[in-house]
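Student: Could you take me slowly through one part of this model, the pairing of its strands, and then show me what surrounds that part?

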Amino acid sequence: MNAVRKDSKLDVEAIRRDFPILTQSINGKPLVYLDNAASSQRRVVVIEAISRYYEHDHANVHRGVHALSQRATDMFEGSRETVRRFINAHSLKEVIFTRGTTESINLVAQSFARPRLQPGDEILISHLEHHANIVPWQLVCEQTGAKLKVIPIDMIGNVNFEAFEQLIGPRTKLLALAHVSNALGTVVPVAKFIAVAKRLGVPVLLDGAQAVPHSVVDVQALDCDFYCFSAHKMCGPTGIGVLYGREALLQAMPPWQGGGEMILSVTFEKTTYNDLPAKFEAGTPHIAGAIGLAAAIDYLTAIGMDRIAAYEHELLSYATASLAKLEGTRVIGTAAHKAAVMSFELQGIHPHDVGTILDVEGVAIRTGHHCAMPVMDFYCIPATARASFAFYNTREEVDRLMAAIRRAQEMFR
Amino acid sequence: MDLKDLYRDVIVDHNKQPRNFGKLVPADAHADGHNPLCGDRLTVYLSMAGDKVDTVKFDGHGCAISVASASLMTEAVRGKSVAAVGDLFHEVHNTLTHHDAPIDTERLGKLAALTGVRDFPARVKCASLCWHTLNAALDMYARHQAAAPTVSTE
């Protein structure tokens, strides 16, 4: 990630006024929402863009000659262009709308990996992956006889590069890596992993669900082959995400799901598939979702991804330093480069109890295994508490988090 | 919602110093309970004296609610018949899941300390995990009895 740390002065108070959900109380206390890595909140313009579309412009896309269908199609395809520009994809054909990161990875597993894998071939992932970047590969391994290889991590939460160099080899048919760890916040230095993979001709998929909301992502600069992310973690709607794929690879891949939209002609004898990107978008797409995603991207871009990254980094540093001042606390995942995720433990207090006590104090965090059970196993813990920050969070909210943590500690003294 | 109602002194105490914690060897039956949502795992061990529960022990890890609930349960079921354990489970479950259910402190005894949980629906599963696990152990014991009735050497 190449976030430039320059002026991070955001008018956070003004930003917060645009997020209606943040101005509520939970248990009589102002909500402090620190579960952004699970799902972020939406600015009112995103919600309005979706409402406006349904109120004025909705019809099915790519089908009718009537005005509404044309308008809906223009908006939907316009959203694709917004996404393309945002991640700097080479062509619109490389931007596939999916239900989210999970579906994007499954699409690659089934349409790209499955037909190419022979028994004994290998897929390489790391130990810090989200289940969404583990299970699709296990499924395709079961289907093909391929093997899943796992790059180890170290105690601070870095992916072991030397071990990676040992593990990647002639049998490796795909490298699938998280760009940013959801459980630990580690920013994986993917560039050097990709460089090695490219030298050996191994295609690379990046799970960018936690990276795209917090940094500038340029898929051409990364030189990855596939990049997956979800709208709802970046102030967009749920139920829509993106698969970026290198055009030549997508062209060579068979369709994943069949149906309308993805065809040019159908007879009972033979069906001709549609061109990219429609080939991978069977059925009526989530039109409103794409429009909402584009509105979210316009908003994030207007603020500036580099300023967002810098501000969130300051918040994380402040939170980490504040937690360190409290006795009996431990941060899990202490890599030098982290996104604004703070997984932590309180001595003698189970994360589940922490979550409940914080909730009563109005502070929303995630507790559990964060869909990364192997990471929990690595640290020999059943779960962590995780505070994850967005650009609309404030230092005062970090202080509220710390006060709530002290309350939990008093409770269990 | 009052946290003190959830984390009563009895709960905090039983979490810190769980009673009957550890393996029971030999056990007539044991069963594993797992709440995949929060990672709580516990094993409940059971020894019987006739149709009555003799000793119940447990080990594993979990949140304060699940550990305290298991600890309180091991004390509450000792010496009770299988049917009485069933009744008690029903009573506990009913009290935890129905907001308006009357709290029969006489029947519940110390278990009444758990009733604060019902204001925290996300935590009811934590309190009931040990009971479901004990039920599984009792079922296993019953199946073993049916398949191979204990032979007395006396």
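Tutor: Two strands are said to pair if DSSP finds at least two bridges between them, and the strands (E, at least two residues) and helices (H or I, at least four) are themselves DSSP runs, numbered from the N terminus. The model is predicted, so local features need pLDDT of at least 70 and side-chain atom pairs count only at pLDDT 80 or more, while totals for chains, interfaces and linings use all residues. Residues are numbered from 1 along each chain as its sequence is written, and chains are lettered from A and ligands numbered from 1 in the order in which they are written.

In chain B, strand 2 (residues 40-49) and strand 3 pair in the antiparallel sense over nine bridges, and Ser47(B) stands opposite Thr55(B) in strand 3 of chain B. These strands belong to an open sheet of three strands, in the order 1-2-3 with antiparallel pairing, whose edge strands, strand 1 (29-35) and strand 3 (52-61) of chain B, each pair on one side only. The twist averages 20° from one strand to the next, with axes fitted to C-alpha atoms (for helices over the stretch in contact) and angles running from 0 to 180 degrees between N-to-C directions. Helix 3 (residues 64-77) of chain B packs on this sheet, touching strand 2 and strand 3 of chain B, and its direction makes about 165° with that of strand 3 of chain B.

Chain B also meets chain A: the contact (C-beta atoms, placed from the backbone, within 7 Å) takes 15 residues from chain B and 14 residues from chain A.

Chain A holds an open sheet of seven strands, in the order 4-10-9-8-7-5-6 and with mixed pairing. Strand 4 (95-98) and strand 6 (147-151) of chain A stand at its edges with a single partner strand each, so one side of each is left without a neighbour in the sheet. Neighbouring strands here are turned by 20° against each other on average, direction ignored. Strand 4 of chain A is joined by four bridges to strand 10 (residues 241-245) of chain A, the two running antiparallel, and within this pairing Leu243(A) is the bridge partner of Ile96(A). Helix 3 (residues 67-87) of chain A packs on the sheet by touching strand 4, strand 9 (226-230) and strand 10 of chain A, and its direction makes about 115° with that of strand 4 of chain A.

A loop of chain A, between strand 8 (204-207) and helix 8 (219-222), carries Val212(A). Val212(A) counts as buried because it has 28 C-beta neighbours inside 10 Å, the cut-off for burial being 20 or more, against 12 or fewer for exposed and values in between for partly exposed, with C-beta atoms placed from the backbone. Beyond its neighbours within four places in sequence, Val212(A) is in contact with Val217(A), Phe229(A) and Met234(A). Ile357(A), by comparison, is 145 residues from Val212(A) in sequence and 31 Å from Val212(A) in space, C-alpha to C-alpha.

Chain A is divided into domain 1 (12-30 + 305-411) and domain 2 (47-301), with bounds that come from an automatic or database domain assignment. The centres of these two domains, taken over C-alpha atoms, are separated by 29 Å, and 22 residues of domain 1 of chain A are in contact with 22 residues of domain 2 of chain A. On the side of domain 1 of chain A that touches domain 2 of chain A, the largest share, five residues, comes from helix 11 of chain A.

Terms used:
Two residues are in contact if their C-beta atoms, placed from the backbone, lie within 7 Å.
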